[in-house]
Amino acid sequence: MKKILGTLVLLLGVTAFGQTKEDSIQFKKISVEILNNGKGYNELRELTKNIGHRLSGSNAYEKSVQWAEQKLKDAGADKVWLQEVMIPVWERGKESLHIKTSDGKWKSLKMLSLGNSEGTKGKDISGEIIMVKSMEEYDKLSAEEVKDKIVFFNYPFNQSFIETFKGYGDAAKYRTTAASLTAKKGGKFAIIRSLSSAFDDVPHTGAMRYEDNVPKVPAVAIGSTTADELEALLKNQKMSAKLNSNCGMKGEKLSHSVIGEITGKKDQSVIVVGGHLDSWDVGEGAHDDGAGIVQSIEVLRTFKKLGIKNNHTIRVVCFANEENGVKGGIQYGKTAKEKNEKHFFAIETDAGGFSPRGIALDMDDTKRNQIRSWSQLFLPYGVYNFDERFSGTDLYPLHDMGIPAAELMPDSQRYFDIHHTEEDTFEKVNRRELLLGATVLTQIIYMIDKNW
């Protein structure tokens, strides 16, 4: 009986994993088109070199809105529009950090203020440095021991995690909470060791937050080698630090996410694919998340170029303000709910333009298992991991509404070497890796559109 069923399956052109021979052929067509004719790499060059980094609220971000709007039109979108969103405006300004050496001279350190941090209003703030290696160590310090001090949170990126996003998640609490923890015990400002998998002198910025009803003291980051050098000095002597910075919040302003879609042929229920258009104000925002933007636009272009008749509406969303507020994602979810739009799948690409290795699936087990049954189709493209359960930050509002969400998972080994730094430039992106990511995004959306 099993042999008879197996023969029938083959005659029908269906594999034991639930895919058809036609799907494998279509996957190949998608791959050939994107790897040979994909425009994403050249578009990323335009975005990073002509516009550069794109902090929310900056003139550069507004230029990127116009750029994305035109690229979606060029890709063949049936409809393109701007979605209004109020975004927080944070500016860095001039900044410096010095330590006093044993000869009494001040030595400059490479540093970056953390995003959303308040500064010193252009005045010098100085004090003795105390170092802790963990939250537990800091918790043991009394308020008297911290008062008027500068707290150096020297927690290293845990290299034991093979999946580096887990190492990032493990260390991220120091970036987000260091300032308020310091302020609660009367400290003057916080220094953190950058959330970096690299052993270099490149500081990493990124969003921090203040607790309500706690004084807002500054927080800055230093690179790994500087952190090691400072630790060595502190073992043998008392050290002082001096910070001068002009960063701070500048209210809110009206800005936009950029949205384009191709209309569904059977119904207008929505599949979302997207990334975030903003970046931090250092580097060029190439991997984070220019790569995700051009990959998402490539999905739409490929459907149009190959003449794939999408059953459902495929919508590309270039989200505003992911880095320091997630206001674009929140507004998109709010608008979708208000308009009673039917969404049934959403995927974000916000983990760099490296070779794709998996797709994280944040949905019920029935849908997870269906997608995992397609795994053999993706294996020739280097994608094997469908076991993780999370989705992109901008998609949380949709996920909270019960919509199945996902995230493309590229190889993560190099991402946190350059994440949120001046090193995140176009030159760090490989054309084939970037376009393979776009290929896999297009393939998964093709399968969802066909089978759901």
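Over the ring of which tyrosine does the charged end of lysine 173 sit? The views below belong to a predicted model, in which local features need pLDDT of at least 70, side-chain atom pairs count only at pLDDT 80 or more, and totals for chains, interfaces and linings use all residues. Residues are numbered from 1 along each chain as its sequence is written, and side-chain values use heavy atoms, with hydrogens and water left out.

**View A. Lysine charges over tyrosine rings.** The charged end of lysine 173 sits over the ring of tyrosine 155, 5.5 Å from its centre. For lysine 185 the ring is that of tyrosine 138, with 4.4 Å to the centre. A charge sits over a ring if NZ of Lys or CZ of Arg is within 6 Å of the ring centre and within 35 degrees of the ring normal.

**View B. The tilted pair of tyrosine 41 and phenylalanine 426.** The ring centres lie 4.8 Å apart, with 40 degrees between the planes. Rings of Phe, Tyr and Trp (its six-membered ring) pair if their centres lie within 6.5 Å; planes under 30 degrees apart count as stacked, over 60 as edge-to-face and the rest as tilted. Tyrosine 41 is buried at 17% relative accessible area, and phenylalanine 426 is buried at 6% (buried means under 20% relative accessible area, exposed over 50%, partly exposed in between; 1.4 Å probe, protein chains only).

**View C. The stacked pair of tyrosine 168 and phenylalanine 416.** The centres are 4.5 Å apart and the planes at 20 degrees, so the pair is stacked. Tyrosine 168 is buried at 15% relative accessibility, and phenylalanine 416 is buried at 0%.
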